[in-house]
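Reader: I'd like to learn how to read aromatic features in a model. Can you walk me through some?

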Amino acid sequence: MAEGEDLQTFTSIMDALVRISTSMKNMERELVCPVCKEMYKQPLALPCMHNVCHVCASEVLLQHGYLCCDPTSEPSSPAATPATRSPRLGRRAVPKPDRLDRLLKSGFGTYPGRKRGPVHPQSVSFPCPACRRDVDLGERGLGSLFRNLTLERVVERYRQTINISAAIMCQFCKPPQLEATKGCTECKSSFCNECFKLYHPWGTQKAQHEPTPPTLTFRPKGLMCPEHKEEVTHYCKTCQRLVCQLCRVRRTHTSHKITPVLSAYQALREKLTKSLAYILSSQDMVQTQIAELEETVKHTEVNGSQAKEEVSQLIQGLCSMLEEKRATLLQAIEECQQERLASLHSQIQEHQAMLENSGMVGYAQEVLKETDHPCFVQAAKQLHNRILRATDSLQSFRPAATASFSHFQLDVSRELKLLTDLAFIRAPEAPVIDTQRTYAYDQIFLCWRLPQHSPPAWHYTVEYRKTDTKAKGLKLWQRREEVRGTSALVEYLDTDSVYVLRVKGCNKAGFGEYSEDIYLHTPPAPVLNFFLDNRWGFNRDRLAISKDQRAVRSVPGIPMLFAAERLMTSCHLSIDLVIGDVAITQGKSYWACCVDPSSYLVKVGVGLESKLQEWFQVPQDVVSPRYDPDSGHDSGAEDTTVEAPPPYAFLTIGMGKILLSHGSALTSRDPNGCTVPLPPRIGICLDYEQGKVSFYDAVSFRELWECGVDCSGPVCPAFCFIGGGALHLQELVASKQERKVTIGSFAKLD
């Protein structure tokens with residue numbers, strides 16, 4: 001039983017050692033300089049948040065033409081002062097010639113990292129080997145960088161943990177050197193017991209130096225400002241840099257947000273602790289993501305090979321087709337060539353027959369010797385036809401075939417351009433939202449287009465989500481996939497909410513980038529769908545309602561001119577009224593309309609159905625002091641002690657402006673009233689239970705005005721016209737018909 005427990009204990013110890021060893025090996029990656037690939041020695045913190053050895057940084061700058069002081073020289077150490085050297089140091093190794101050459105070229109009175117040349121010192125640019133970017137070090141070069149003492153301590157602890165630190169020898173012993181037993185931070189050297197006593201004699205200031213364990217890298221007690229050699233005490237949040245008292249009062253940090261280094265320490269320590277705790281508590285998630293990445297690597301290798309094979313097959317197919325085409329074209333040229341050669345050879349033979357020593361000429365000469373007339377006629381008739389053809393051919397000589405093959409030339413400029421432009425299919429670029437056509441009403445109508453030179457998209461994905469500032473986390477995106485068009489309807493939305501939407505396209509190359517997010521505000525209440533009532537009440541001579549009963553136009557004509565003439569004689573000018581075909585008896589309702597900016601005077605709002613019927617029976621006038629339809633105030637009711645809500649509530653619009661007032665009634669003729677520009681759409685929201693109506697800019701949903709209205713009975717939407725004007729009700733998004741356009745083999749919705 002005891003042996004089993006001992007074995008279990010031994011196994012657990014070995015597992016712990018393996019974990020520690022693995023952790024140490026993994027941590028070693030963080031302690032290796034990206035230049036020399038060894039553990040850091042005197043690391044410097046670069047502005048890009050990376051580290052590099054001081055010696056390595058100097059070597060990099062030397063390669064780029066900058067002068068750097070030798071970082072290994074320590075003027076304050078006893079070993080660097082010839083007058084204080086021990087006789088035992090007589091055989092100290094001589095520095096390498098290339099090191100001495102760099103020191104001689106470095107000169108005096110120059111900052112580390114200064115460019116060669118007599119001109120004014122310029123800013124030093126350091127190529128960071130980690131992030132592959134040029135980092136600006138300023139005019140002082142490496143002299144402006146802080147030494148990363150924390151990283152040095154971590155490296156030293158790591159060396160001690162894995163026992164790779166070699167024995168440190170005394171720097172002042174002659175061979176054979178003794179092992180160092182003490183170190184001195186002030187002298188920046190390691191000593192054996194005898195040399196430490198020799199260089200720290202009693203009765204001198206050096207005797208007060210405190211001995212430390214021997215080391216090869218001596219660090220200052222605290223982090224010092226590289227410019228002023230003062231201890232850093234503050235942290236500049238604006239520059240994200242530690243500063244000393246002298247740096248703090250310089251002009252470069254004027255109006256910067258500077259905090260004590262203790263506050264920065266506490267804040268960063270807390271953030272780092274929380275981040276580390278989160279990472280440690282999410283190890284399962286890390287392992288899952290690593291497995292997912294490894295699976296992605298496998299798929300990448302497989303898909304990459306498959307893509308290479310597909311491209312090779314396609315190119316091979318093109319080559320095969322070109323080879324077949326080449327054979328066909330060469331065959332056509334060969335056939336034409338043989339045909340021409342046959343014609344030319346035949347023509348040559350005919351001309352050779354006309355030569356003096358040819359057979360036809362000799363035969364003709366022999367025929368001419370014939371004296372028998374009938375026989376001569378018989379033979380000469382056949383020969384004469386041949387002679388005539390030869391004569392005609394001789395007089396009108398022309399080769400039977402041309403030697404030019406110019407009509408067999410190929411124009412491959414178009415094909416070469418296609419082959420030059422042959423490239424992989426690119427995914428569609430980020431769509432551009434059409435803000436002029438996109439709006440939110442009963443639903444959201446989202447419209448977009450692709451940039452001009454973007455590859456085509458086969459379909460789109462629309463994503464949207466509701467924004468909630470009170471919620472702790474963001475809500476998940478909802479999607480409408482495979483939208484085959486440049487517009488989409490988003491349904492089932494909450495009222496009085498803000499939604500963010502975005503679009504991305506897709507083709508054979510995959511999905512492209514998302515469009516810029518667009519934020520749309522939904523109406524504050526459910527949308528009321530109604531039409532303009534054309535059955536009763538309105539003046540048919542001056543008002544014209546469209547066939548779909550969603551638009552109305554005021555056409556004053558000759559009667560309005562006559563009324564305007566009578567207006568100068570204190571006669572009254574009537575208001576034309578048209579109402580909706582529905583009456584509201586409960587809840588909240590919202591609707592919107594567009595008013596023509598050139599309208600002379602238009603009023604939009606609501607009114608009690610009973611009062612509107614009375615209006616139609618006795619039309620109101622513009623200049624009558626008895627009644628103001630906006631406020632509902634009747635001058636004959638001044639004796640009432642209880643102020644009743646008005647039966648009407650109208651927003652006055654005219655000449656592209658909206659009349660607003662600071663008073664309780666919009667058209668109370670308050671001299672302090674003002675106007676605002678007319679928005680593209682006006683929204684009206686009626687809260688029947690609260691007896692309140694609100695008017696909005698229907699694009700931004702900015703409230704323009706709010707007032708009370710009498711809701712003791714059914715309330716109807718109402719619109720008034722004075723003079724010429726026009727408006728139309730906002731069309732429901734759900735009633736939009738998407739028109740299909742076929743492009744190639746894909747159907748597109750417009």
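This is a predicted model: local features need pLDDT of at least 70, side-chain atom pairs count only at pLDDT 80 or more; totals for chains, interfaces and linings use all residues.

Reader: Which residue lies over the face of F405?

Author: That's R340, at 4.5 Å from the ring centre.

Reader: Okay, and how do I read two rings together?

Author: You describe a pair of aromatic rings by the distance of the centres and the angle of the planes. Searching the whole structure turns up twelve aromatic pairs. One of them is F405 with F408, a tilted pair with 5.8 Å centre to centre and 40° between the planes.

Reader: Why does the pair of F695 and W705 count as stacked?

Author: Planes under 30 degrees apart count as stacked. For F695 and W705 the planes are at 15° and the centres 5.6 Å apart, so this pair is stacked. F695 belongs to strand β34 and W705 to strand β35, ten residues apart.

Reader: How accessible are F695 and W705?

Author: F695 is buried, with a relative accessible area of 0%. W705 also counts as buried, at 9% relative accessibility.

Reader: Which residues do ring pairs link into a cluster?

Author: Look at F172, F191, F196 and Y199: ring pairs link them into a cluster.

Notes. Residues are numbered from 1 along each chain as its sequence is written. Side-chain values use heavy atoms; hydrogens and water are left out. Rings of Phe, Tyr and Trp (its six-membered ring) pair if their centres lie within 6.5 Å; planes under 30 degrees apart count as stacked, over 60 as edge-to-face and the rest as tilted. Helices (H or I, at least four residues) and strands (E, at least two) are DSSP runs, numbered from the N terminus. Buried means under 20% relative accessible area, exposed over 50%, partly exposed in between (1.4 Å probe, protein chains only). A charge sits over a ring if NZ of Lys or CZ of Arg is within 6 Å of the ring centre and within 35 degrees of the ring normal.
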